[in-house]
Structure formats: structure tokens, C-alpha cells
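The sequence and the model are shown first.

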Amino acid sequence: METRLLPLTFALLLLGGCSARVVKVSPGPLIRVEGQPVSIRCDVIEYGGPREQDFEWEMSREPSSQKIKIISTFDTSYSHQSVSKRVASGDISVVRLKDNEAELKISEVKALDAGFYWCQTPSTDSVISGNYEAQVQLTVIPNTLKVSPQTPPPNVPEGSDLTLTCNVTRELTHPTYLSVTWLVKKGTTSEEILTFGPQGEVVTGAKFARRYADGGIRLVPGKNGVFELVISRVTTSDEGIYECNGTEWTHENGGKWIKIVESTKEMGTVAVTPTGRSLSVKASSSSSPSSSSLQLSPGDTMTLLCSVAADNLPSVTPEVTWLADGRELITMERSGVVASNGSRRAEASPERTEASLERTAAGEYRLVVRGVGGPDGGLYACRVRAFIGKEGRSSGGGGRWHMVAEKTSSPLTVKVSDISPSLNVVAKRIREASVGGATFEMSCSVTTENVGEAGYSVLIQSQDSLESNVRTIMTLSPDNVMQHGGATDPNRRDSLVLTKSGPAEFRFRLAGVQLSDRGFYWCDITAWTKQQPGQTWTKATSSESNKVKIDFQENGPSFSIAIQSDASSVYPWETAKMECSLSVSGSSPKTDDLAYEVSWFFTRLRGGQTTTQVAAVDRFGVVRKMLRNSSSDISVERKDTHTYLLNIYGTQDSDSGEYHCIATPWYLSASTGAWTEAGELMSSRVFLTVKFAVWDSLKLPLLYGAAASLGVGLFSLVFGLVCAQCCCRNTTHTPRSRNKLMDLEMD
């Protein structure tokens with residue numbers, strides 16, 4: 001080859017500036033694992049001669065040691081005898097990728113293959129220029145990658161967590177990196193769940209990306225190459241054969257991650273046990289758990305238990321509903337919120353059934369219905385719907401709830417005897433409040449049947465009218481504990497009294513009634529019983545009394561209004577004043593207990609319906625002036641408590657028109673102690689005329705014109721005399737002819 005290159009070298013010296021040949025190989029050093037395939041690419045550019053180039057590969061253990069010929073694209077006998085058998089078997093081969101690109105392949109690299117590789121391209125150029133060979137180092141390391149997965153449980157209850165543990169290690173002799181991948185195989189197809197590494201990044205499979213983002217899949221790195229993947233709230237769709245893949249990577253100078261060895265191991269088959277297969281629901285009575293029926297008397301308390309069992313009970317979130325004759329009575333939602341779905345008794349009678357539902361233990365839910373009556377009898381069953389977070393944490397954390405099972409218990413028969421307690425309440429007026437500030441008092445008497453010894457709770461309720469909302473004023477418990485209701489003004493609690501005046505009689509007193517107290521008042525009384533001393537009260541029955549009305553009229557003051565103007569007509573630029581006067585009669589309040597809101601209005605037309613507000617002053621003395629189509633200015637003046645003055649300064653023709661005022665009185669009620677708004681008052685109208693002064697507008701122009709005319713006349717007279725004296729006088733005297741006339745006949 002050296003002999004062949006000498007003429008080309010000489011030609012290169014003669015022909016400078018030609019394109020230079022460039023031979024390149026894969027950037028190194030290359031780190032590969034023993035027994036794995038190796039590919040080294042080589043390409044040439046900027047060359048002369050034929051388009052298809054040939055390639056020769058050589059290697060040596062050290063850069064300076066003797067090279068061994070490996071393989072050539074054009075010479076089949078090129079290979080050294082130490083590698084000829086491997087070339088013949090195809091373990092070492094060269095593949096032409098393009099005319100100017102070839103690839104050296106070693107199917108199973110050995111430790112003795114480590115060294116330096118040269119790619120050479122025989123010259124076809126007219127001149128020798130550039131490089132004709134490139135070198136790359138290949139490092140071969142032993143295969144120390146170990147993938148040791150831990151076998152997962154073969155059966156996992158639906159809704160529970162599945163932990164997949166995999167141990168991936170290797171002996172670190174050269175800078176290599178590891179990644180671990182979990183896969184699930186369903187049939188013949190494996191789906192990637194999650195990959196961790198090689199740079200510490202996490203990559204999820206397409207079907208598991210949202211689940212990972214919601215927290216349904218999480219990675220738990222451990223020590224010594226142990227990694228855990230936790231799949232939360234598994235469903236039947238998570239069944240399959242799980243696999244663990246460990247991969248060793250190298251990061252080459254070209255910036256690419258190269259996979260140098262990998263190993264995939266099956267972890268085991270996981271089956272998910274559906275919740276519905278193990279879910280059981282039972283309804284029973286707390287007093288007789290083994291009986292399928294329950295006998296109660298009117299006024300008793302019914303207590304029923306719903307028992308829920310499942311293999312994965314801690315992993316599911318139940319929704320519990322009690323059904324009465326197939327209709328929903330009360331529900332505890334997944335969040336623990338209890339929602340009542342109505343009472344059948346409320347449809348049958350005015351009595352109210354009080355139902356409550358609570359979780360008393362894991363898988364146990366207690367229904368309590370106090371004061372049962374005949375309509376509460378029937379078939380009671382407990383329905384349970386089991387939910388899991390299909391995507392996300394158990395609290396829902398951004399994921400979606402998925403119902404996995406529903407089951408209803410066998411019905412429990414509840415019978416209520418026909419003998420029911422009754423209660424009647426009669427309200428009477430003891431003291432009537434006919435005027436504000438007086439005291440109102442009423443009594444409520446109770447009569448009962450089939451109740452026995454009972455305690456009573458009393459609610460004093462009121463409403464402004466029969467259609468308005470009901471307010472609770474005061475309450476008295478069966479233990480005689482009195483409380484004020486939410487509708488009670490804290491400043492008036494000393495004026496309210498509720499006492500027990502007899503074994504079955506209660507009195508309510510309201511002192512210092514006000515206008516806001518007017519309306520209807522009555523007693524809502526409930527009878528409570530105790531099965532045994534020391535037990536809690538149990539509701540027997542309840543009833544409302546007739547309604548007693550507080551109705552009195554307050555004779556407040558009466559008001560009147562008038563408007564007057566100091567002049568009906570003004571000249572432009574003068575000031576117009578209009579006075580709005582109010583008067584009060586009847587029960588006149590004090591001066592400090594009285595205020596007015598006053599507004600002035602204007603219209604251009606006499607008797608016009610469209611008016612424009614000019615100015616206003618509120619009851620706190622704040623004045624507002626409105627924009628007007630006039631250059632005049634206005635002000636509002638309060639002369640005294642009942643008199644308000646509107647001033648218009650610099651009146652213009654646009655200020656001509658009708659004016660009137662509207663006032664709203666406010667007074668402090670002696671009975672209610674609150675400011676009260678009286679009816680709106682409107683005054684009569686006054687017409688203001690802004691005169692157009694003809695003489696005032698003409699006298700100055702006339703005076704100026706007369707003065708100008710007189711001046712011009714005098715100037716003309718003086719000028720004429722001067723001209724006559726100076727310009728027209730003859731200084732040479734011509735004697736007058738003595739001849740009078742010539743004889744006319746001379747012609």
C-alpha cells in the first residue's frame with residue numbers, strides 16, 4: 001500500500017487545494033458486555049473516484065502493537081488466520097450500509113476482542129488528501145448484570161395495594177448505568193408499566209401515565225439495587241404475568257445512551273379477587289341479632305345494625321343505604337356524610353321520624369329511628385355499594401371512583417303496634433300587648449294519651465305571617481335546660497322568659513314588644529320517655545299548639561311638604577332661591593330623632609311629566625349635585641330641621657322651568673328603638689322665569705352708536721372748515737369788469 005500511495009502523495013504536492021477525504025468511525029471508547037453483539041460503523045466522505053468505496057478493518061491489543069487484519073469488503077482472503085474461522089462462521093462480518101458506509105459486526109463479543117480497531121479505505125482519489133483511516137477503542141467487560149425479582153402474591157383482593165419488588169445489580173468496573181422496568185403480560189403482549197433510569201428519570205407506559213400522575217402508581221427506590229413498584233387500589237384489569245427487566249447502559253462520547261446488556265425475568269402471575277365474590281351484608285336488630293323480625297310499640301326507638309364483611313374490607317370505601325320497603329331511607333356516602341332521603345311517616349301523618357346513621361366499628365353501621373309510629377313498620381334492608389379509586393388514592397386524590405360491587409341484605413321485618421301515643425297542646429293568651437313597649441305572655445297546656453310518665457321539650461316558635469319562615473325563639477329541654485334560639489336578638493334576651501309553670505304547663509313572656517315582634521307565636525312540644533332510669537330520653541310523640549297573634553298598630557307622626565320661591569322671575573346672572581319646607585304633626589318626635597332626605601327636580605315645560613333631578617341631600621347631610629345644561633351654579637342649604645333651601649347662582653335662560661321637591665322623613669320609633677322610614681312626600685310645583693332684558697341688552701349699543709355718529713359729524717364739520725380756509729382761498733385780486741353785459745346782438 002505504501003508503494004501505491006507514493007505517486008498519489010507526489011500528486012497531492014503538485015495539486016494543492018483539492019477536497020480532503022474524511023474517514024470516521026463510531027465515537028469511542030466503546031464499552032460492551034461479553035457475549036453481546038457489537039456494531040462499529042465507518043463512513044467516508046469528500047473522496048474521489050467511484051461512488052462505491054471499499055473498507056478494511058484491522059485491530060490490535062495496544063495502539064502501538066502489531067495490527068491483525070480482520071475483514072475487508074473486497075478481499076475475501078484478507079482475514080488473519082486467528083479470526084478467519086469466526087469470519088467464515090459469520091460471528092464477525094461486515095455489512096455495507098451505503099456506498100460510502102459500512103458496519104463491522106461481532107455477534108458475540110469476547111474478552112480477547114478488546115483493543116483498538118482501525119477502519120481503512122483504499123485510496124481512489126486523484127491526489128492524496130485527508131485521512132484514510134480512523135480508530136476507535138473497544139472495551140469488553142464481563143456480564144455481571146443480575147435481575148432478581150421477588151414473587152408477588154398470586155391472589156390480591158380488589159382495591160388493595162400490590163407491591164412488585166425487583167433487585168437489579170452489576171459489578172462496577174467501568175462507568176455504566178442501570179435501569180429497571182416493570183412490565184405486565186396479558187396473553188402474548190407485554191405492556192410497559194414504568195421504567196426508572198438510567199439517568200434517574202421515570203418513564204411510564206402510555207396506559208399507566210395518568211395513573212402514575214394521580215398517585216395510583218408510585219416508585220420506592222431502596223438500597224443495594226432493590227426497587228419497589230406499588231400499584232394502589234388494584235382492579236381486575238390489573239391481572240396478568242408481571243415481569244422485571246434490568247438493563248445496563250453506557251453513555252458514549254456522541255451523547256447517546258447505548259444499551260449494552262439486558263435481562264428480563266418473570267415475577268409471577270397475579271390474580272385479583274373481585275370484591276363482589278367475598279362481600280356479604282347482613283341486617284339485624286341490636287336487641288335480637290339472630291331474629292329476622294322486630295316488634296316495637298309506638299314511641300319506641302328502633303336500632304338496626306348493618307354488618308359488612310369482605311376479604312379486602314380495609315381497601316374499599318363503602319356507601320351504605322338503609323331501605324324501607326324498597327325505598328331509600330338514609331344513606332352514608334363514601335365521604336362519611338349522612339344524607340336523609342325523606343321519611344315515610346312525614347307522608348302519612350304530621351309526626352316526624354328522627355333517623356340517624358353512624359359507623360360504630362369497622363364494617364358496622366347503626367340505624368337509629370326514634371319515636372317510631374305505625375307508618376314506620378315494614379321491611380328494612382341494608383344496601384352496600386363498594387367503591388375503590390380506580391385512578392388515584394383512596395381519598396379520591398384527583399382520581400376517579402369505581403364501583404366494584406353492590407349487595408343488599410335479606411330484609412328484616414319491623415312491626416309497630418296499633419296503640420300509639422298522642423299529645424295535644426293548647427296555647428292561651430295571658431297578657432296582651434296592645435301598644436309598643438307592653439308585655440306579652442302566653443301559656444301552653446299539654447294533655448297526653450298512652451304516653452305514661454314523660455318529660456317534655458318545648459320550642460317557642462314564631463312567624464311574621466302564615467306564609468313566612470318559622471323562627472325558633474326559645475327552647476326548653478326535658479331536663480329543664482333553657483336556651484335561646486338563633487332568631488333571638490342577643491340584646492333582648494333579658495326580655496324573654498320561658499318557665500315550666502305546672503306538671504304539664506309552660507309559660508312564655510316577652511317584655512317590651514316592638515314592631516318587629518308582631519306575628520304569630522305557638523308552642524311545639526315533644527313528649528320523651530325513658531325505658532329505665534338513667535337511660536337516655538326516647539321520643540314518644542310531639543305536637544304543635546294553636547297560634548297566638550301579637551298585633552298592635554303604632555301611630556307614628558304625619559308629615560306635609562311645601563315649596564316656595566323668593567321670586568317668580570329673575571334677570572340673568574341674578575340668584576334664585578327656592579325653599580322646601582316640611583312640617584310634622586301627631587306624635588312629633590324630638591328634633592334629634594328626626595331627619596329628612598330631600599331632592600329637587602326640574603322640567604322645562606309647565607306641567608311636564610319628564611323631570612330631571614337637580615340636587616339632593618340625604619338624611620346624614622351629604623349633598624349631591626347633578627350635571628345640568630346650564631352655566632349657573634347651585635347649592636343646598638339647611639336652614640333648620642324642617643327647612644331646606646336651593647340656591648341657583650348666575651341664572652341663565654336654560655334655568656327657566658318648573659321646580660318641585662320630594663322628601664322622605666325618617667324618625668326614631670319610641671316603641672321599636674329603630675329608625676323608621678315614613679312615606680315619600682312630593683311638593684307642588686313653582687315656575688321660575690329668567691327674563692330677557694331688552695333695554696339692558698340694547699342701551700350700550702345705542703349709546704355707542706350715538707356717540708360715534710356725533711363724533712363723526714363734528715369731525716366732518718371741522719374738516720370742511722379747515723379745507724375751506726386753507727385750500728380754496730385766491731390771494732391775487734382780479735378787478736371786476738365794469739361792463740355789465742355784452743350786447744347779445746353782437747353775435
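How much accessible surface does the protein chain have, and what share belongs to carbon and sulfur atoms? The accessible surface comes to about 40600 Å², with 51% belonging to carbon and sulfur atoms (Shrake-Rupley method, 1.4 Å probe).

The model is predicted: local features need pLDDT of at least 70, side-chain atom pairs count only at pLDDT 80 or more, and totals for chains, interfaces and linings use all residues. Residues are numbered from 1 along each chain as its sequence is written, and side-chain values use heavy atoms, without hydrogens and water.

Of the 747 residues in the protein chain, 42% are buried (under 20% relative accessible area, 1.4 Å probe, protein chains only). The secondary structure comprises six helices and 52 strands (DSSP runs of H or I with at least four residues, and of E with at least two).

Strand β37 (residues 505-510) has a covered face of Phe506, Phe508 and Leu510, while Glu505, Arg507 and Arg509 form its uncovered face. Its pairings (at least two DSSP bridges between strands) are tabulated below.

| Strand paired with β37 | Sense | Bridges |
|---|---|---|
| β32 (residues 440-449) | antiparallel | six bridges |
| β36 (residues 496-502) | antiparallel | six bridges |

β36 and β37 form a hairpin with two residues between them.

Definitions and conventions. Buried means under 20% relative accessible area, exposed over 50%, partly exposed in between (1.4 Å probe, protein chains only).
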